[in-house]
Amino acid sequence: MSTVPPRGLVVTSALTIPEAELAWRFSRASGPGGQGVNTTDSRVELSWDVARSAVLSESQRARLVERLDGRLVGGTLTVVASEHREQLRNRAAARTRLAALVVEGLAPPARQRRATRPTRGSQERRLAAKKQRTTTKQMRRRPTD
């Protein structure tokens, strides 16, 4: 018995964006492609409305909106791919890029750094290195009478 993979963009094992929530736009890309670049819509824009997505919990939505604030326009996250000559490869690149952004945005915040004081040994090593550097530079100076 084979299992059919869920239709949509798999971000994590717990989160899959349904294909219905993804919006695609295609246009002509600049760059390599010869004469075909003028006739082929190989540039891909993939958009996902984070603010209205049904697959996110409220905490996930709040975290994504906060983390991706500079990339969201009206609550929509848009990714562009035009580095390949074929539309299919650009589609795959856009899907990968969108999934990476969402994973990065949903990641838990890093632990707060606790301030520590430098050890006595590290302070002594730093001062010894400074003294060594001073003597090295003094030796390079022109001798005085």
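This is a predicted model: local features need pLDDT of at least 70, side-chain atom pairs count only at pLDDT 80 or more; totals for chains, interfaces and linings use all residues.
Visitor: At roughly what angle do the axes of α1 and α2 cross, and within what distance do they come?

Guide: The axis of α1, which covers residues 58–67, crosses that of α2 at roughly 105 degrees, and the two axes come within 8 Å.

Visitor: Which residues of α1 meet which residues of α2?

Guide: From α1 come Q60, R63, L64 and R67, and they meet V102, E104, G105 and L106 of α2. Sorted by class, this contact of α1 with α2 holds three nonpolar, two polar and three charged residues.

Visitor: How should I read the nonpolar core, and which of its members touch the most other members?

Guide: The general idea is that in soluble globular proteins nonpolar side chains tend to be buried together. Here the largest nonpolar core has 23 residues, and W48, L64, L77, L98 and V102 are the ones that touch the most other members. At least two residues of this core are supplied by each of β4 (43–49), β6 (76–81) and α2 (87–106), with α2 giving the largest share, seven residues.

Visitor: What does L98 touch, leaving aside residues up to four places away in sequence?

Guide: With those sequence neighbours not counted, L98 touches L9, L22, L46, W48, L77 and V79. The C-alpha atom of L98 also lies 7.9 Å from that of T78, although L98 and T78 are 20 residues apart along the chain.

Visitor: Where is T78 found, and what is its relative accessible area?

Guide: T78 is found in strand β6, and its relative accessible area is 28%, which makes T78 partly exposed. Residues up to four places away in sequence aside, T78 touches E45, L46, S47 and R71, and the side chain of T78 makes a polar contact, at 3.1 Å, with the side chain of S47.

Visitor: Is S53 buried or exposed, and with which side chain does its own side chain make a polar contact?

Guide: Buried means under 20% relative accessible area, so S53, at 3% relative accessibility, counts as buried. S53 is found in the loop between β4 and α1, and its side chain makes a polar contact with the side chain of E21 at 2.6 Å. When residues up to four places away in sequence are not counted, S53 touches E21, W48 and R61, and W48 is also among the core residues that touch the most other members.

Methods:
Residues are numbered from 1 along each chain as its sequence is written. Side-chain values use heavy atoms; hydrogens and water are left out. A nonpolar core is a set of buried Ala, Val, Leu, Ile, Met, Phe, Trp, Tyr and Cys residues joined through side-chain atoms within 4.5 Å. Buried means under 20% relative accessible area, exposed over 50%, partly exposed in between (1.4 Å probe, protein chains only). Helices (H or I, at least four residues) and strands (E, at least two) are DSSP runs, numbered from the N terminus. Contact means heavy atoms within 4.5 Å. Axes are lines fitted to C-alpha atoms, for helices over the stretch in contact, and angles run from 0 to 180 degrees between N-to-C directions. Ala, Val, Leu, Ile, Met, Phe, Trp, Tyr, Cys and Pro count as nonpolar, Asp, Glu, Lys and Arg as charged, and the others, Gly among them, as polar. A polar contact is a pair of N or O atoms within 3.5 Å; within protein, one must be able to donate a hydrogen and the other to accept it, and residues adjacent in sequence count only if both atoms are side-chain atoms.
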